[in-house]
Amino acid sequence: MRRFAVLGNQNATSQSLMSSSKPLILRPSQDGISCAAALLSKGALVAFPTETVYGLGADARNGQAVAAIYEAKARPSFNPLIVHVPDVETAKVYGHWSENADLLAQTFWPGPLSLVLPLKDDHGLSGLVTAGLDSVALRVPAHPAARKLLMAFGGPVAAPSANPSGRISPTTAAHVTAGLGSKATGILDDGPCSVGLESTIVGVTGAPALLRSGGVTREDIEAVLGVALDDPMQGQISAPGQLASHYAPKAQVRLEATNKRDDEVLLGYGPIEGDINLSPEGDLKEAAARLFECLHELDATGRPIAVAPVPKNGLGAAINDRLRRAAAPR
C-alpha cells in the first residue's frame, strides 16, 4: 500500500485516488487530513480513527456516497448510521435539541456517546443515513484526527465501523485493510483506538433510553440525568448496533467458558489465562480496549473461540453485549 507524502494539486490528487485499486494510507498530518477531506468532498469513502473504533466515512448529505457505505459493508439498508459532527452547535442543525440532550452533550462530548434525536425537517441529510426513521444518531468524537478531519471537511460525516457488516469491528488501520481492502479510497492511520468499543447510544426522542451499551457506562449516564434509562423494545431497530448477530468472528463463539475444548482457542480474563487474556489484572477498561484486537487475533487461527466470563458491571455491560452478539446464531 502507498503512504501519502505530498498533497500537490488537491483536486487532481483526489480524482486519481478514487480510481485507484488500492486504498491510500494517509498520515494524520495537515496534508493527510486535507487529502482525506478532499476525498470526502468528492463522494469517496475514507476510513478514519475515532477513540472507539475506525469508522468508514462519507458525506452524510450525499446519497450516492452514503449508498457506497452500505455497499462496501454489505450492511442492511434498515440499519441506520451515526453522523459525526465537530461540535454541539452543528449537532443542533440536524436534530431537535432538548434539556436531556444538553446535559449529556455537556458532560460526555466530545467522547464515546451518540445521541438519537428527533430529525429536523430541513436537515439536508441523505435519507439512507436514518434508514427512513424520523430520528438521527449524532456524535462528537474526541479523537484528535477525527476532529481535525471534521473541521477540514466542514460537513456531517456518516460513519459506521469500517468493517464488513456483522464482523469484528476494526481498532487499527490494518483491520480496516484486511476487512474492506480497496473499498475505502483512503485510510487515515493514527494507530490503535484507545477505547476499543463503539459509542454508547442513548435515545432522547422521548424518555431517555439506552439503545446500545458502549464506551460510556449506564451508571455514569443515569447519574447525570438523575433518572433510570429505559431499555429499547426487543426486535425494534432504532439505532445502529442493535442487530442480534453482530461484531462476529468467522468462527463460532462460546461464552462463559472456564476452560477450552480440544478444538478451541480461549480468550481469557483475569485469573483465567487463555491463549490471549483481555486483562490479566481484571481491568475492564483494558479489556474493552483490547476486545476486538483479541478477537481478530484469535479468529485468524480458524478455530472456534471460547470466552472466559467477564463481569457485567460498568464497561463490562458493553463488553458482554458485544460478546453476546458475536456468539448469536447467524
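The model is predicted, so local features need pLDDT of at least 70, side-chain atom pairs count only at pLDDT 80 or more, and totals for chains, interfaces and linings use all residues. Residues are numbered from 1 along each chain as its sequence is written, and side-chain values use heavy atoms, with hydrogens and water left out.

Let us start with the whole protein. Its secondary structure comes to 11 helices and 15 strands; helices (H or I, at least four residues) and strands (E, at least two) are DSSP runs, numbered from the N terminus. The radius of gyration is 19 Å, close to the 20 Å that the globule rule gives for 330 residues, so the protein is as compact as a globular protein of that length. That radius is taken over C-alpha atoms, and the globule rule is 2.2 Å times the number of residues to the power 0.38. Along the principal axes, the C-alpha atoms fill a box of roughly 55 × 45 × 30 Å. Of the 330 residues, 55% count as buried, where buried means under 20% relative accessible area, exposed means over 50%, and partly exposed lies in between (1.4 Å probe, protein chains only). Among contacts (heavy atoms within 4.5 Å) between residues at least 6 apart in sequence, 68% join residues at least 24 apart.

Now to the helix pairs. The axes of helix α2 (residues 30-41) and helix α7 (residues 144-153) come within 9 Å and cross at roughly 55°. Such axes are lines fitted to C-alpha atoms, for helices over the stretch in contact, and angles run from 0 to 180 degrees between N-to-C directions. α2 and α7 are therefore oblique to each other: angles under 35 degrees count as roughly parallel, over 145 as roughly antiparallel, 65 to 115 as roughly perpendicular and the rest as oblique. α2 passes α7 in a right-handed crossing; a crossing is right-handed if the near helix is turned clockwise from the far one by less than a right angle, and left-handed if anticlockwise. On the α2 side you will find Ile33, Ala36, Ala37, Leu40 and Ser41, which meet Ala145, Lys148, Leu149, Ala152 and Phe153 of α7. By class, this contact of α2 with α7 has eight nonpolar, one polar and one charged residues. Here Ala, Val, Leu, Ile, Met, Phe, Trp, Tyr, Cys and Pro count as nonpolar, Asp, Glu, Lys and Arg as charged, and the others, Gly among them, as polar.

Leu40 is among the residues touched by Val157, as are Ile82 and Leu150, not counting residues up to four places away in sequence. Val157 is found in strand β8 (residues 157-158) and is buried, with a relative accessible area of 1%. Val157 and Ile82 are 75 residues apart in sequence and 8.3 Å apart in space, C-alpha to C-alpha.

Another pair to look at is helix α5 (residues 99-108) and helix α9 (residues 218-225), whose axes come within 10 Å and cross at roughly 125°. That makes α5 oblique to α9. The contact joins Asn100, Leu103, Leu104, Thr107 and Phe108 of α5 with Asp220, Ile221, Val224 and Leu225 of α9. In the loop between α5 and β6 (113-118) sits Pro110, and the peptide bond from Trp109 to Pro110 is cis, with omega near -10°.

Most residues other than glycine have a negative phi, and most peptide bonds are trans. Ala131 has a positive phi, near 55°. Ala131 lies in the loop between α6 (127-130) and β7 (135-139) and is partly exposed, with a relative accessible area of 24%. Glu256 also has a phi near 55°; its place is the loop between β12 (253-254) and β13 (265-268).

The C-alpha atoms of Asp283 and Ala131 are separated by 37 Å. The axes of α10 and helix α11 (residues 316-327) come within 9 Å and cross at roughly 25°, which makes α10 roughly parallel to α11. Their crossing is left-handed.
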